[in-house]
Amino acid sequence: LLLTQCIAVAEHWHCLQHPHMWLVPLTVAEAGLLSLHHSWHTQRIPQAALVNTAAPAPEPATRILRIHCSWRFPRSKLRDLCERSGHFTEEDIQFQEKIAYRTGLGDETAVCPAIQAGMDEALGIEPARFEFSATCFQTIEDLFAKSGVSPSQVKFLVTNSSLFNPTPSLSAMVMNHFKM
């Protein structure tokens, strides 16, 4: 069988001596190599690493809108806050208490002082900016310190908030604060 194949190649050798006859096999080989290269790059899992983590630990007490409040909010204060607001029925308050005790929130859970104040004027854009600044900036500073990463090394910044979407954006606030 091998001898037959060698004779077949020898008979067609004169055809392979022409330069244009190599064009098709070379093109096929090049397309195969490009296909392998493309497959390797598209199927490769991108590298991502978690450098470190940090969580906000707000100051134990702060002053906002001339009110001195602690960030700590024991569940026992929930009823009083709801009753003072005047926005909830007894049934609503009972439901909120049930949820507060069943969700795993503890008496050391941090709640923004503006919400704890229970005053309508304590809610709005400025108290929300204060809450973001007090929690996020300190957390990011802690993360930079723990990881040894400087703000100038950060290439991507993603922020997320379901309720607070100011202008400038949260990402822009972080970038401006850390001069990124």
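**Packing, pocket and confidence in a predicted model**

The buried residues of helix α4 pack against α5 (90–102) and α6 (113–117). Buried means under 20% relative accessible area, exposed over 50%, and partly exposed in between (1.4 Å probe, protein chains only). Helices (H or I, at least four residues) and strands (E, at least two) are DSSP runs, numbered from the N terminus. The model is predicted, so local features need pLDDT of at least 70 and side-chain atom pairs count only at pLDDT 80 or more, while totals for chains, interfaces and linings use all residues. Residues are numbered from 1 along each chain as its sequence is written, and side-chain values use heavy atoms, with hydrogens and water left out.

Helix α4 spans residues 78–85, and its buried residues are Leu 78, Leu 81 and Cys 82. They lie on the same side of α4 because they cover an arc of only 95° around the axis. This arc is that of the directions from the helix axis to the C-beta atoms. An α-helix has 3.6 residues a turn, so residues three or four places apart point the same way. Gly 86 follows α4. The phi of Gly 86 is positive, near 75°.

The protein has 8 helices and 2 strands. Along the sequence, the pattern is α-α-α-β-β-α-α-α-α-α. Of the 180 residues, 19% are buried. Contact means heavy atoms within 4.5 Å. Among contacts with a separation of 6 or more, 66% join residues 24 or more positions apart.

The largest pocket holds about 960 Å³ of space. Its lining has 38 residues; the closest to the centre are Phe 132, Cys 136, Ile 140, Val 158 and Thr 159. A pocket is an open set of points on a 1 Å grid over the protein atoms alone, where a 1.4 Å probe fits, with protein on both sides within 12 Å along at least five of seven lines; lining residues have an atom within 4 Å of a point. Helix α7 (125–147) gives the most to this lining, with 11 residues.

Lys 155 sits in the loop between α7 and α8. Lys 155 counts as exposed because its relative accessibility is 74%. The C-alpha atoms of Lys 155 and Met 180 are separated by 9.2 Å, although the two residues are 25 apart along the chain.

Confidence is given by pLDDT, the predictor's score for each residue, from 0 to 100. The mean pLDDT is 76, and 71% of residues reach 70 or more. Confidence is lowest in helix α1 (residues 2–11), at a mean of 51, and highest in helix α8 (residues 170–177), at 92. Where pLDDT is low, the predicted coordinates should not be read in detail.

Conventions
Grid points are joined across faces, edges and corners, and a volume is the space filled by probe spheres set on the points.
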